[in-house]
Amino acid sequence: MEFHNAFRVFRSYNYRLFFTGQLISRIGMWMQRTAVIWIIYTMTDSVLMVGLATFAEQFPSFLLSPVGGITADRYNRYRVLMVTQVTSALQAVALTVAYHMGYHSLELLLSLSLVLGIANAFDIPARQAMVNEIVEDKKDLPSAIAMNSSVNNLTRLIGPALAGIVLAKYGATICFFSNAVSFIAVIVCLTLMKYSHRSPDRIKKNVWAEFREGWQYTKRQSEIRQTLLLAASVSLLVSTYNTLQPHFAKNIFSGDASTYGYITAATGMGALVSTLYIASQQSNRLLKKILLHNLFILGAGLILMSFVRIEGLYLVMSFICGFGTMSVVPICNTIVQTTSDPRVRGRVLGFFAMATLGTLPLGSLLIGWITEYIPAEHTQFIQGCICLVIAGSFAHFLRKPPPLPDIPPEEDRHSLSV
């Protein structure tokens with residue numbers, strides 16, 4: 001393993017622009033998300049309400065990502081991405097103006113989070129499928145997918161740390177304004193890309209037929225089906241442990257917004273190292289074994305972290321758990337993208353978004369509801385145990401290397417609308 005391999009994808013001009021725009025934009029997004037969560041927790045002192053905020057932003061991905069996947073297969077992905085970015089920018093501007101004018105209600109925060117979630121439901125399938133098209137050398141695709149995940153992890157490190165400082169010194173309005181401004185960068189970078197604006201050359205069926213076609217394809221492919229089941233299990237039952245972080249920051253360590261920012265940043269640092277490690281792999285043949293090891297690390301880490309009462313040690317454990325958690329999405333994403341047929345890839349990625357980002361809000365609500373009845377520390381302990389059970393259940397699958405990409409035989413291709 002050599003870490004310089006993680007950066008080989010930056011030989012692509014289009015990918016450099018794509019990565020830069022997403023990096024700047026998602027720093028702003030994490031600043032806004034951190035501010036919203038902290039405001040809601042300080043207003044309500046309820047982990048359940050934090051879960052509801054996550055639900056409002058991410059549940060649209062569960063409902064609408066399959067439609068977003070159909071849209072990504074039907075229409076030009078570049079234009080779809082531009083529309084979603086402009087929509088997200090307008091949402092950020094509306095939140096900035098409303099909050100600055102004194103509208104600090106919980107309903108406002110949840111409503112605008114819902115708007116952002118709807119935009120993301122169409123953005124994610126198009127953005128992830130577009131990575132496959134803008135990387136010229138397909139040998140760099142696993143690196144590109146992992147580096148794409150590293151954007152979220154790096155910004156998860158930078159954004160919350162900045163938000164903690166800005167919240168403490170200047171207030172939430174500046175966090176929201178920073179997010180609004182950050183969308184200028186991604187729109188400029190998309191405009192500068194040398195990308196074909198041609199719409200997909202395929203026969204458009206009705207939406208239900210295309211949904212059924214993508215669903216049947218996903219069910220037939222054992223590798224994709226099991227990958228989505230694994231990703232959904234971890235996202236629903238384990239990855240939502242970060243819903244408990246405001247509780248630890250405020251009630252266990254008697255901290256403020258900056259304490260919460262440091263915890264989130266430590267988690268993001270672990271996640272960033274994890275994705276760089278994955279991107280540095282010269283072959284994707286070992287990725288499933290890496291995921292298996294990381295799931296055991298995550299399960300053990302959550303169990304140990306539930307007993308920690310020293311802030312510095314908790315930050316170390318947050319790093320370890322972040323390392324384990326964030327390998328799930330890029331590795332599963334790589335498996336899905338490299339084994340799916342290009343003609344249905346947008347729809348398959350829509351189901352992938354549904355299995356990951358779509359189940360996170362349900363898990364956040366579940367974790368918030370459980371903590372109404374048992375201590376948050378006990379909830380985190382249970383999540384660690386569940387993670388170990390999931391790792392053991394999928395151990396046989398994860399020990400097998402992924403197959404070669406599946407391409408339908410000639411007689412079946414008419415069903416995939418070339």
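**Charges, helices and burial in a predicted model**

Trainee: How many positive and negative side chains does the protein have, and how far apart do the centres of the two sets lie?

Mentor: Lys and Arg count as positive and Asp and Glu as negative, while His and the chain ends are not counted. Each charge is placed at NZ of Lys, CZ of Arg, CG of Asp or CD of Glu. On that basis the protein has 33 positive and 23 negative side chains, and the centres of the two sets lie apart by 4 Å.

Trainee: Which pLDDT must local features have in this model?

Mentor: Residues are numbered from 1 along each chain as its sequence is written, and side-chain values use heavy atoms, with hydrogens and water left out. The model is predicted, so side-chain atom pairs count only at pLDDT 80 or more, totals for chains, interfaces and linings use all residues, and local features need a pLDDT of at least 70.

Trainee: How many helices and strands are there in the protein?

Mentor: Both are DSSP runs numbered from the N terminus: helices are H or I with at least four residues, strands E with at least two. Counted this way, the protein has zero strands, and its helices number 17.

Trainee: What radius of gyration does the protein have, and why does it agree with a compact globule?

Mentor: The radius is taken over C-alpha atoms, and the globule rule is 2.2 Å times the number of residues to the power 0.38. The C-alpha atoms fill a box of roughly 65 × 50 × 40 Å along the principal axes. With 418 residues, a compact globule would have a radius near 22 Å, which agrees with the protein's 20 Å.

Trainee: What share of the 418 residues count as buried?

Mentor: Buried means under 20% relative accessible area, exposed over 50%, and partly exposed in between, using a 1.4 Å probe and protein chains only. By that rule, the buried share of the 418 residues is 62%.

Trainee: Which residues does serine 235 touch, not counting those up to four places away in sequence?

Mentor: Serine 235 lies in helix H8 (residues 222-237), and it is buried because its relative accessible area is 4%. Its side chain also reaches the backbone oxygen of alanine 231 at 2.9 Å. With contact meaning heavy atoms within 4.5 Å, serine 235 touches Thr240, Ala355, Thr356, Thr359 and Leu360.

Trainee: Is serine 254 buried or exposed?

Mentor: Serine 254 lies in the loop between helix H9 (245-252) and helix H10 (257-279). Its phi is near 50°, a positive value in a residue other than glycine. At 63% relative accessibility, serine 254 counts as exposed.

Trainee: Which elements do the buried residues of H9 pack against?

Mentor: The buried residues of H9 are Gln245, Pro246, His247, Phe248 and Ala249. They pack against H1, H2, H10, helix H12 (311-325) and helix H16 (376-393).

Trainee: What phi does aspartate 45 have?

Mentor: Aspartate 45 is found in the loop between helix H1 (13-44) and helix H2 (47-74). It counts as partly exposed because its relative accessibility is 45%. Although aspartate 45 is not a glycine, its phi is positive, at about 55°.

Trainee: With which residues is serine 88 in contact, leaving aside neighbours within four places in sequence?

Mentor: Serine 88 sits in helix H3 (residues 77-100). It is buried, with a relative accessible area of 4%. Leaving those neighbours aside, serine 88 is in contact with Leu116, Ala119 and Phe183.

Trainee: What separates the C-alpha atoms of proline 142 and valine 9?

Mentor: Proline 142 is in helix H5 (residues 141-169) and counts as buried at 16% relative accessibility. Beyond its neighbours within four places in sequence, proline 142 contacts Asn284 and Thr334. Proline 142 and valine 9 are 133 residues apart along the chain, and their C-alpha atoms are separated by 9.2 Å.

Trainee: And what separates the C-alpha atoms of proline 342 and glutamate 133?

Mentor: Proline 342 is found in the loop between helix H13 (328-339) and helix H14 (345-355). It is partly exposed, with a relative accessible area of 43%. Proline 342 and glutamate 133 are 209 residues apart along the chain, and the separation of their C-alpha atoms is 9.9 Å.

Methods. Polar contact = N/O pair within 3.5 Å; in protein donor to acceptor, adjacent residues only side chain to side chain.
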